[in-house]
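Here is a short report on the fold of one protein chain. Keep the structure open while reading.

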Amino acid sequence: MAGGPNAEFVVCYQCGSKAERTYEGRETDKYQCGEGHEFGLDWSRGELPNEPQWPPPPELLEHIKANKNQ
Ligand SMILES: [Zn+2]
């Protein structure tokens, strides 16, 4: 179950683009973004998202893009 239906799409923290879940685990989901970044998110430590994780808040997107350009 991991992140549940609201975690099907998330933001890629490396580039800020949309990432799709490629594998749903018991605690950790795996994702791949349109730029080819692969990563896992561990949902077992917090509450499951109660609203869709995509689109992300504009502040978060700006934060990611600012870090990317450093
Ligand atoms: Zn990415």
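How many residues does the hairpin use to join β2 to β3? The hairpin between β2 and β3 has 3 residues.

## Overall fold

This is a predicted model. The chain holds 1 helix and 4 strands. Read from the N terminus, the order is β-β-β-β-α. The radius of gyration is 12 Å, close to the 11 Å that the globule rule gives for 70 residues, so the chain is as compact as a globular protein of that length.

The C-alpha trace spans about 35 × 25 × 20 Å along its principal axes. Of the 70 residues in the chain, 16% are buried. Take the contacts between residues at least 6 apart in sequence: 43% of them join residues at least 24 apart.

## The sheet

The 4 strands build an open sheet. Their order is β1-β2-β3-β4, and the pairing is antiparallel. β1 and β4 (38–42) are the edge strands, and each pairs on one side only. On average, neighbouring strands are turned by 40 degrees against each other, direction ignored.

In general, strands of a sheet pair through backbone hydrogen bonds, either parallel or antiparallel.

## β3 and its partners

β3 pairs with β2 (residues 18–24) in the antiparallel sense, over 5 bridges. One detail of this pairing: Y23 has K30 of β3 as its bridge partner. β3 is also joined to β4 by 5 bridges, and these two strands run antiparallel. Here Q32 has E38 of β4 as its bridge partner.

The hairpin of β3 and β4 has 4 residues between the strands. In this hairpin, G36 takes a positive phi near 95 degrees.

Which residues of β3 lie on its covered face, and which on its uncovered one? D29, Y31 and C33 are on the covered face. T28, K30 and Q32 are on the uncovered face.

## The nonpolar core

The largest nonpolar core has 8 residues: A7, V10, V11, C12, A19, Y31, C33 and W43. Two elements give two or more residues to this core, β1 (9–11) and β3 (28–33).

What does V11 touch beyond its neighbours within four places in sequence? V11 is in contact with G16, K18, A19, W54, P56, L60, L61 and I64.

Terms used: Residues are numbered from 1 along each chain as its sequence is written. This is a predicted model: local features need pLDDT of at least 70, side-chain atom pairs count only at pLDDT 80 or more; totals for chains, interfaces and linings use all residues. A nonpolar core is a set of buried Ala, Val, Leu, Ile, Met, Phe, Trp, Tyr and Cys residues joined through C-beta atoms within 7 Å. A residue is buried if 20 or more other C-beta atoms lie within 10 Å of its own, exposed if 12 or fewer, and partly exposed in between; C-beta atoms are placed from the backbone. Two residues are in contact if their C-beta atoms, placed from the backbone, lie within 7 Å. The radius of gyration is taken over C-alpha atoms; the globule rule is 2.2 Å times the number of residues to the power 0.38. Two strands pair if DSSP finds at least two bridges between them. Axes are lines fitted to C-alpha atoms, for helices over the stretch in contact, and angles run from 0 to 180 degrees between N-to-C directions.
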